[in-house]
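User: I've got this model open and I'd like to work through the fold with you. Can we take it one question at a time?

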Amino acid sequence: MHSGITVLSAGFFLSQWRAQGVGAACSFRAHDYALRAGQSAAEQLAVVNARERWMRQFAFSPEHAVFMNQTHGSAAMVVAAADTGRGLRDPAQAVPQCDALLCATPGIALCALTADCAPVFLFDAARRVIALVHAGWRGTRQNIVGRTVESMCHTFASAPENIRVFLGPALRDCCFEVGEEFIGYFPHAVRRRGERLFFDIAAEIAGQAARSGIPRAQIFDVKLCTHCLRDRFFSYRGGDRCARNLSVMSLCHV
Ligand SMILES: [Zn+2]
């Protein structure tokens, strides 16, 4: 599903965000950014160092990183200055049990780890609010993107028509084979090819964003499949059971 044009247009799309004071980026396969039980102290240190290096490279502040303890649920948490640094070095300190982070504080770097699940970036330029969502099929079934939009509107008085969405690299319908039960979960986003069924999570997420009131023209999908491009991204179905891609989003100081 690799498309040079899409990658270029994604760069263009994100450069527009950058011009408005928002940074958003997703890592390539150069390093595993996941901290987990069973790693040695040296392995954990290597992950932390890699996180810090990569974030600085994209002008994010690692000291202001906020990681979450992702659970494939639908909870969206608002974070502020007091949360900075959570989960960067110690996963036990990450924001507990949530799959979306929101903030309106410049400098805070929202972080999500994925390996087939979709990182979804949301930005309200009018109220200067950002949100970063970890959306797998379970969270998507619980409308996590819609719930995050609701939270932006409720907490920060965002208007959906001002919100823009960027859907990052994820397992796509080319590779996301599922069972019959998915037809019940996602009646409009399961594709049949011969005997096999495939889930189009990107279409489902875009639908949730649109049903929340976000104009379709403001929903950008990078259209990169982590499984097709497992030389560039970690992919759970591609065999990466533990390693994770890192997505980061931050409001710049203006
Ligand atoms: Zn694919």
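Predicted model: local features only at pLDDT ≥ 70, side-chain atom pairs only at ≥ 80, totals over all residues.

User: Is Val129 buried or exposed?

Analyst: The cut-off for burial is 20 or more other C-beta atoms within 10 Å. Val129 has 25 C-beta neighbours inside 10 Å, so it counts as buried.

User: How far is the C-alpha atom of Val129 from that of Arg196?

Analyst: Along the chain, Val129 and Arg196 are 67 residues apart.

User: Now helix H2. How far apart are its end C-alpha atoms?

Analyst: H2 covers residues 41-57, which is 17 residues, and at 1.5 Å a residue these should span 24 Å. The model agrees with that, as the end C-alpha atoms of H2 are 24 Å apart.

User: Within what arc do the buried residues of H2 fall, seen down its axis?

Analyst: The buried residues in H2 are Val47, Arg51 and Met55. Seen down the axis of H2, they line one face of the helix, because they fall within an arc of 60°. In general, an α-helix has 3.6 residues a turn, so residues three or four places apart point the same way. For H2, then, the arc is 60°.

User: Which strands do the buried residues of H2 pack against?

Analyst: Start with the other side of H2, where Ala41, Ala42, Leu45, Asn49, Arg53, Arg56 and Gln57 are exposed. The buried residues of H2 pack against strands S2 (65-66), S5 (109-114) and S13 (245-251).

User: Which residue takes a positive phi just after H4?

Analyst: H4 runs over residues 144-156, and its 13 residues should span 18 Å; the end C-alpha atoms are 17 Å apart, which agrees. Its buried residues are Ile144, Val145, Gly146, Arg147, Thr148, Val149 and Met152. Just after H2, a positive phi of about 65° is taken by Ala59. Just after H4, a positive phi of about 60° is taken by Ala157.

User: In S11, which residue is the bridge partner of Glu177?

Analyst: There's an open sheet of 3 strands in the order S9-S11-S10, with antiparallel pairing. S9 (177-178) and S10 (190-193) stand at its edges with a single partner strand each, so one side of each has no neighbour in the sheet. S9 and S11 (residues 196-199) pair in the antiparallel sense over 2 bridges. The bridge partner of Glu177 in S11 is Phe198.

User: What radius of gyration does the chain have?

Analyst: The chain has 6 helices and 13 strands, and 46% of its 254 residues count as buried. Among contacts between residues at least 6 apart in sequence, 70% join residues at least 24 apart. A compact globule with 254 residues would have a radius of gyration near 18 Å. The chain agrees with that, at 17 Å.

How values were computed. Residues numbered from 1 in each chain as written. Helix = DSSP H or I, 4+ residues; strand = E, 2+ residues; numbered from the N terminus. Expected span 1.5 Å × (residues − 1). Buried ≥ 20, exposed ≤ 12 C-beta atoms within 10 Å, placed from the backbone. Arc of directions from axis to C-beta. Contact = placed C-beta atoms within 7 Å. Rg over C-alpha atoms; globule rule 2.2 N^0.38 Å. Pairing = 2+ DSSP bridges.
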